[in-house]
Amino acid sequence: MSNQNKKFQIEAFKYREVKDQNYADKTWNILEHAIHDIFIHNTSHLDFEDLYRHAYNMILHKFGEKLYSELVATMTSHLNEIAESVEAAEGGSFLEELNGKWNDYNKALHMIRDMLMYMDRTYVPSTQKKPVYELGLNLWRENVIYSNQIRTRLSSTLLELVYSERAGEDVNIELIRSIIKMLMNLSHFVYEQEFETPFLQGSAEFYKAESQKLIECCECGDYLKETERRLNEEIDRVSHYLDPKTEKKITDVVEKEMIENHMITLIHMENSGLVNLLCDDKYEDLGRMYNLFGRVNDGLSKICVVMTSHIRETVQKLGIDLERLKDHTEFEQGLLDVKIKYEKIIKLAFSNDELFQNALNSSFEFFRIEEERKSQID
């Protein structure tokens, strides 16, 4: 039989009694010193194949529990030192110190994981423990991010930077992005708890005050422009350094505070509301109102109701003028002009929306029915 047809069999490992009772302690000593050197960036002398072999042998000799528990204790000790260093950072250097320590720790964690790869493959799944990298992230979260001296400060400092950037100030976008990415790497729950939830709450307060200030001093068109700008800024902010899932949540906040809560006021704003925009053929402002109001419940229907009422009033006024002038030619031309005007508005500003096309047609149908009813009475 050829060698190609022979079945390759792996014999079960036969555990040998370790004569040196200090074997586990001695082997762990070697690994512990290596881990310490990894944390202080002193790795040039390390033989990672040899270190892997030591960790491998500890698992084979059934010292997996010792290897794992000693790893947790050693990493926790280093993380406590890291936490103290971050806590001691003052002012603007706080986030920079945290970010630098995180980047160093993340690199070290990858090296430690590779060194203990055999433990990850065998001992970890058989005991249902956390793999080394996941363990490292959990330990960073518990010992650094959730440190009493760091947790509150991290959230408030990060939010201050984001709000400063929103206000147009120059901030370190790369630093914000890196810290946010760290939170997301720890888990979506950590990102949500430590940043997203307070960010959305603070944003709601900001846009509530912002919208009230603008509604009191701006014309309708200017208010709509500012709302559009704010929405686009928040979408850009998400794309630059936040979790993509945050986009829907933050745009919901802006839409509620700046559009939904002020729709009626904007539509009926004196000298610049919807009727004024319609009469003056303000296609750009009308299009902006259509797009923004379309983002909230019943927004378009509120525009449509007012537009329909205005068209009917306009057509009825033509009918009154007809009775006074008795000039059917001028009346017919007036009707045609109104229809052309609003067909153009619907096309250029309202995206040929069927809701508005039907409203326009129903307005003229309403007038025709009314005229027929009057003629029958006469």
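Arginine 229 and glutamate 226 form a salt bridge in which the closest N and O atoms are 2.4 Å apart; a salt bridge is a side-chain nitrogen of Lys or Arg within 4 Å of a carboxyl oxygen of Asp or Glu. The model is predicted, so that local features need pLDDT of at least 70 and side-chain atom pairs count only at pLDDT 80 or more, while totals for chains, interfaces and linings use all residues. Residues are numbered from 1 along each chain as its sequence is written, and side-chain values use heavy atoms, with hydrogens and water left out.

Glutamate 226 is buried at 18% relative accessibility, whereas arginine 229 is partly exposed at 35% (buried means under 20% relative accessible area, exposed over 50%, partly exposed in between; 1.4 Å probe, protein chains only). Salt bridges that share partners join Glu210, Lys213, Glu226, Arg229, Arg230 and Glu233 into one network.

The count of salt bridges is 28. Another of them pairs arginine 177 with glutamate 174 (2.3 Å, N to O). These two residues are 3 residues apart in helix H9 (residues 173-186), and are therefore separated by about one helical turn. Arginine 177 is partly exposed at 28%, and glutamate 174 is exposed at 53%. Glutamate 196 and lysine 249 also form a salt bridge, with the closest N and O atoms 2.8 Å apart. This pair links distant parts of the chain, with glutamate 196 in helix H10 (residues 188-217) and lysine 249 in helix H12, 53 residues apart. Glutamate 196 is buried, with a relative accessible area of 1%, whereas lysine 249 is partly exposed at 29%.

Aromatic pairs number 13; rings of Phe, Tyr and Trp (its six-membered ring) pair if their centres lie within 6.5 Å, and planes under 30 degrees apart count as stacked, over 60 as edge-to-face and the rest as tilted. The pair of tyrosine 52 and tyrosine 56 is stacked because the ring centres are 6.3 Å apart and the planes are at 25°. Both residues belong to helix H2 (residues 48-60), 4 residues apart. Tyrosine 52 is partly exposed at 26%, as is tyrosine 56 at 29%. The rings of tyrosine 68 and tyrosine 123, with centres 6.2 Å apart and planes at 50°, are tilted. Tyrosine 68 lies in helix H3 (residues 64-88) and tyrosine 123 in helix H6 (residues 123-127), 55 residues apart; both are buried.
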